[in-house]
Amino acid sequence: MDKDQIQTVFLCASHLLSYPDEAWADSLADCLEAISAVPNDAIVEKMSTFIHDIQSMPARKRMEQYVETFDFGKKTNLYVTYMNTGEQRERGLELLQLKQRYKAAGFDTSEQELPDYLPLMLEFAAYAEQEHVVPLFAAYVNNIDEIRKQLAAGGSPYATVFDAIFLALAELGVTPIPKGSV
């Protein structure tokens, strides 16, 4: 995949992992159209499946499922540093370092989301140069993989979005490190 196609995957994944309000639902067709141009059939299939499944769900159920999965799930929340330190003070340092990484890459973050919020990280990955993206995701790939495993174990439809993210990361050479290998 070329840079534009990787950008499309990361932007769509970022969008799909955002809160599923009505504006979100209205833009799913655009995401489906954009992702269909990606030459990786497995990514297209996973994201398309998720979009079609979520489109068939009533809005209220879709929103409740999102909140239950990501806001109340300690092991499935979208804040990737949470697994390292939880709410401990050390997490603040890690968040500051993330902000500095973004700034060094020329990416401005808002104060609305913490820098370890996965949809924000994916947006960064869509726009930043690969030299900044690869080390960032290499540092957190195992945390993201743990979220993916928890989602899959719980039968969450969001697991397919994570599968697509990992296929795109693999294109960049970023893969989870098996436990005990470090």
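**Notes on the salt bridges**

1. Asp145 is buried, with a relative accessibility of 7%. Here buried means under 20% relative accessible area, exposed over 50%, and partly exposed in between (1.4 Å probe, protein chains only). The model is predicted: local features need pLDDT of at least 70, side-chain atom pairs count only at pLDDT 80 or more, and totals for chains, interfaces and linings use all residues. Residues are numbered from 1 along each chain as its sequence is written, and side-chain values use heavy atoms, with hydrogens and water left out.

2. Asp145 forms a salt bridge (a side-chain nitrogen of Lys or Arg within 4 Å of a carboxyl oxygen of Asp or Glu) with Lys149, the closest N and O atoms being 3.4 Å apart. The two residues are four apart in helix α9 (residues 130–153), about one helical turn. Lys149 is partly exposed, at 47%.

3. Lys46 and Asp163 form a salt bridge, with 3.8 Å between the closest N and O atoms. Lys46 is in helix α4 (residues 41–55) and Asp163 in helix α10 (residues 159–171), so this pair ties together parts 117 residues apart in sequence. Helices are DSSP runs (H or I, at least four residues), numbered from the N terminus. Lys46 is partly exposed at 22% relative accessibility, and Asp163 is partly exposed with a relative accessible area of 22%.

4. A network of salt bridges links Lys46, Asp145, Arg148, Lys149 and Asp163.

5. Glu64 and Arg60 also meet in a salt bridge, at 3.1 Å from N to O. Both lie in helix α5 (residues 59–71), four residues apart. Glu64 is partly exposed at 43%, whereas Arg60 is exposed at 64%.

6. The structure holds seven salt bridges.
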